[in-house]
Structure formats: structure tokens, C-alpha cells
Amino acid sequence: MQAIIARDRDAGPAGLSLSDMPYPHAAENDVIVRVHAAGFTPGELDWPGTWTDRAGRDRTPSVPGHELSGVVEELGYGTTGLSVGQRVFGLADWARNGTLAEYTAVEARNLAPLPADIDHTVAAALPISGLTAWQGLFDHGRLTTGQTVLIHGAVGGVGSIAVQLAREAGARVIGTGRSADRDRALALGADTFLDLQTEKLEDAGAVDVVFDVIGGDILDRSATLVRAGGTLVTIAMPPNVQPKDGRAVFFVVEPDRARLTDLAQQLRDGRLKPVVGAVRPLAEAPAAFAPATRIPGKTIIRVTDS
């Protein structure tokens with residue numbers, strides 16, 4: 001099979017190449033998925049799991065990418081709950097070969113059934129962004145109806161989903177980004193928008209939840225916006241500054257079949273729309289890790305024609 005291979009940790013995207021690899025092995029409780037569309041996170045080339053297994057042993061050459069939509073090709077020993085030929089989408093393990101390949105092995109519990117009326121390209125944009133947004137807002141941020149949430153990167157892959165989920169939950173949403181993002185953020189459901197290049201972050205006022213995807217100085221300054229009892233949630237880095245009378249949470253998204261099923265239903269109902277920024281073939285995946293221009297939304301790699 002063909003796959004995108006990472007061989008050199010220091011080379012970044014320049015070290016990625018399209019190569020032949022052996023067909024994957026289905027371990028116990030695995031399925032082999034024929035990948036139709038895949039998603040990736042540009043920063044994953046810096047993640048330890050891209051280069052080592054759970055025991056810390058080198059596993060290069062490795063296959064990046066952790067989101068997928070496709071069709072079950074084979075069941076491993078003891079695998080239940082899915083069947084050969086079934087359409088699925090979900091999240092691949094962080095420390096195993098990923099989804100930028102024609103076939104990949106995934107634990108069955110990390111996948112959810114994909115309704116026939118959802119395109120693989122759209123489905124591949126949902127697992128990391130959708131689960132991260134949900135877990136950040138509700139599991140960690142404890143956001144409820146009537147509260148105010150500040151969402152950084154409001155038109156990005158995670159932020160765009162978070163804006164929609166927060167609005168659906170009845171929260172007041174403040175989105176942030178660049179000036180060119182304003183109209184998109186408001187169209188997604190943000191009540192107001194803050195341009196981080198020309199406006200002061202502190203002008204946002206007190207909020208119940210901050211959902212950060214940026215880190216650094218923005219994360220530090222965001223802590224002062226959290227009102228008493230509120231939460232600063234970030235996926236960028238462990239926070240250096242704590243809210244005065246609130247909590248700060250750094251988390252890594254976890255697989256959740258039931259939540260993926262819920263998100264797919266919201267998509268079918270028209271209550272949720274992942275923002276797909278670009279769709280590129282597998283051969284162009286290395287260039288997609290370091291695009292020449294910024295593209296709002298999530299870049300998806302089309303691996304197999306539906």
C-alpha cells in the first residue's frame with residue numbers, strides 16, 4: 001500500500017514522503033480500515049508519539065495523521081461491534097501508524113458508524129476537532145446555558161466546531177482571530193468577534209470559560225478574563241498563569257464512540273458543519289503540513305475515491 005512516511009524528526013514536513021509500506025496487521029480488537037479521507041494536525045510532527053511507541057522505542061518510519069473516514073476491510077481477533085464493509089470514522093491511536101495511508105489498523109472502540117449520507121471528506125474533519133471542542137467546552141469547561149465563552153481561533157478546525165457547539169448549548173460566544181476571520185466567525189454563530197491583531201484581548205471582559213488553542217502570551221493574558229468559578233481550558237500547552245478564582249485545565253483529546261455518534265447526528269440535522277478548508281490528494285500531504293498560505297478550517301487528505 002502507499003502511505004505518507006515520516007523518517008527524520010528534525011526535518012519537519014520536508015522529511016515526509018509518499019512511499020510503499022506493508023499492509024497493516026490487525027491486532028486483537030482492531031479493524032483494518034480502507035481510508036477514504038484523512039485529517040492531520042500540523043504540530044503532530046513534534047509529538048513524541050509520532051516517533052516512538054508507548055514503551056518509548058523508536059518506531060520510524062512512521063505514518064502521521066490521526067483522523068479518518070473509510071470502510072472496514074478486515075476484523076482482528078475478538079473484534080465486535082463493527083462489520084466488514086461498514087462505513088466508519090474516528091480517531092487513530094497516537095503512538096501507532098496513522099491515517100495518511102491507504103489502509104490503517106485502528107482499535108474498534110475508537111471508531112463510530114458513519115451514516116451513508118455523510119461524505120467521507122466531511123466526516124474526516126470531525127473526530128479531533130469535534131471531540132476536542134466538546135470535551136473542552138463541556139467536560140472540562142463545564143459550560144452551561146446562559147454563560148459566556150471566549151473561543152480563540154474561532155474559524156480554525158477546533159474553534160469553528162466549538163463556536164457552533166457553544167451556540168447550540170445556549171451560551172454567549174466571543175470569537176477571536178484575525179480581521180479576515182470576523183465574518184466567518186459571526187456566520188458560525190459567534191455573538192461578537194475580537195481581532196487579536198488590532199484590538200485588546202482585555203476588552204472582551206469577564207467570561208465563564210476561555211477555550212484556548214494558541215498558547216503563549218494569549219493563554220497567559222486570557223487567565224485574567226476568567227470570572228470567579230470559571231475555567232481556562234487549553235489544548236496548546238500547560239498554563240503558566242492560573243485564573244485568580246477559577247480553574248485552569250490542559251487536556252489531550254480522548255476517543256469517544258458515543259460522542260462521535262452524537263456529533264454525526266448533529267451534522268445530519270444541520271446543527272453542525274465542520275469547516276473544510278482544502279481537500280488535497282495523498283501525494284500532496286507533505287506540502288499540506290506547511291501550506292504557503294493560511295487556509296481557514298481543516299485541510300483534509302483524500303486518500304481513496306469514494
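Is phenylalanine 289 buried or exposed? At 6% relative accessibility, phenylalanine 289 counts as buried, where buried means under 20% relative accessible area, exposed over 50% and partly exposed in between, for a 1.4 Å probe and protein chains only. The structure is a predicted model, in which local features need pLDDT of at least 70 and side-chain atom pairs count only at pLDDT 80 or more, while totals for chains, interfaces and linings use all residues. Residues are numbered from 1 along each chain as its sequence is written, and side-chain values use heavy atoms, with hydrogens and water left out.

Aromatic pairs were assigned for rings of Phe, Tyr and Trp (its six-membered ring) with centres within 6.5 Å, planes under 30 degrees apart counting as stacked, over 60 as edge-to-face and the rest as tilted. By this rule there are four aromatic pairs. One of them joins phenylalanine 40 and phenylalanine 289, which are stacked because the ring centres lie 4.3 Å apart and the planes stand at 25°. This pair links distant parts of the chain, 249 residues apart, with phenylalanine 40 in the loop between strand E3 (30-39) and strand E4 (67-75) and phenylalanine 289 in the loop between helix H7 (285-288) and strand E15 (298-302); helices (H or I, at least four residues) and strands (E, at least two) are DSSP runs, numbered from the N terminus. Phenylalanine 40 is likewise buried, at 4% relative accessibility. The rings of tryptophan 47 and tryptophan 94 form an edge-to-face pair, since their centres are 5.6 Å apart and their planes lie at 85°. Tryptophan 47 belongs to the loop between E3 and E4 and tryptophan 94 to the loop between strand E5 (87-91) and strand E6 (103-107), so that the pair ties together parts that are 47 residues apart in sequence. Tryptophan 47 is partly exposed at 29% relative accessibility, and tryptophan 94 is also partly exposed, with a relative accessible area of 23%.

Helix H2 (residues 127-140) is mostly covered, with 12 of its 14 residues buried, among them Trp134, Leu137 and Phe138. H2 is followed by arginine 142, a residue of the loop between H2 and E8 that is exposed, with a relative accessible area of 52%. The phi of arginine 142 is positive, near 55°, in a residue other than glycine. Asparagine 29 also has a positive phi, of about 70°, although it is not a glycine; asparagine 29 is placed in the loop between strand E2 (16-20) and E3 and is partly exposed at 39% relative accessibility. Most residues other than glycine have a negative phi, and most peptide bonds are trans. A cis peptide bond, with omega about 0°, joins threonine 60 and proline 61, and proline 61 is found in the loop between E3 and E4.

Nonpolar cores were taken as sets of buried Ala, Val, Leu, Ile, Met, Phe, Trp, Tyr and Cys residues joined through side-chain atoms within 4.5 Å. The largest such core has 40 residues, of which Leu137, Val149, Leu165 and Phe211 touch the most other members. At least two residues of this core come from each of E5, H2, strand E8 (148-151), H3, strand E11 (207-212) and helix H6 (257-268). Apart from this core lies another, of 30 residues, including Ile5, Val31, Phe40 and Leu68. With contact defined as heavy atoms within 4.5 Å, and neighbours within four places in sequence left aside, phenylalanine 211 is in contact with residues that include Thr132, Leu137, Ile151, Val158 and Phe251. Threonine 148, in strand E8, is buried, with a relative accessible area of 10%, and touches Arg172, Ile174, Val207, Asp208 and Val209, not counting residues up to four places away in sequence.

Arginine 280, found in strand E14 (residues 276-281), counts as partly exposed at 21% relative accessibility. Arginine 280 and glycine 39 are 241 residues apart in sequence and 11 Å apart in space, C-alpha to C-alpha. Neighbours within four places in sequence being left aside, the contacts of arginine 280 are Ala287, Ala288, Thr299, Ile300, Ile301 and Arg302.
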